[in-house]
Amino acid sequence: MYVLGINGAFSKPSKEFIPEVPIWFYHESTAVLFKDGELIAAVEEEKMNRLKHTTKFGVNAIQYCLDSAGITLDEIDIVAYYFLPSYVNKELGLKYISFPQVPIKSCKELLVERFREYFSPHFTSSKLTFV
């Protein structure tokens, strides 16, 4: 069983998700990959994109983990995100109030959107778990 653990926010590599995102807002994007409970790979996104304390969605870190195992996202059994949806959606709600031009989406919707955009059009929310 492959488990991909991620943390970080939802901004695309080239564009902020929400304007003026503070550095503390889900900073230190990271990806880790386990196979049957054994660590395969782990890396911070900042090591890949060279942006200290990056809040960007960990596209490069995730790809590094997948490449280390020689697999694709479609072979991942579970993607674990590091906060519960209730907390993340509450924090996002506070940001949406400040920036009404940003379309309101739940953290689950945002994660599915990013994984489909960068890794697999077949990614579904059934693979997501929040810890």
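A residue is called buried under 20% relative accessible area, exposed over 50% and partly exposed in between, with a 1.4 Å probe and protein chains only. Thr 55 counts as buried because its relative accessibility is 7%. Thr 55 sits in the loop between helix H1 (45-49) and helix H2 (59-69). Helices (H or I, at least four residues) and strands (E, at least two) are DSSP runs, numbered from the N terminus. Between Thr 55 and Leu 92, the C-alpha to C-alpha distance is 14 Å, with 37 residues separating them in sequence.

The model is predicted: local features need pLDDT of at least 70, side-chain atom pairs count only at pLDDT 80 or more, and totals for chains, interfaces and linings use all residues. Residues are numbered from 1 along each chain as its sequence is written, and side-chain values use heavy atoms, without hydrogens and water.

Strand S4 (residues 78-81) pairs in the parallel sense with strand S1 (residues 2-7) over four bridges. Pairing requires that DSSP finds at least two bridges between two strands. Ala 80 in S4 is the bridge partner of Gly 5. S4 also pairs in the parallel sense with strand S5 (residues 128-130), over three bridges. Here Val 79 has Leu 128 as its bridge partner in S5.

Lys 127 lies in the loop between helix H4 (107-118) and S5. The backbone oxygen of Asp 74, however, is 3.1 Å from a polar atom of the Lys 127 side chain.

Key: Polar contact = N/O pair within 3.5 Å; in protein donor to acceptor, adjacent residues only side chain to side chain.
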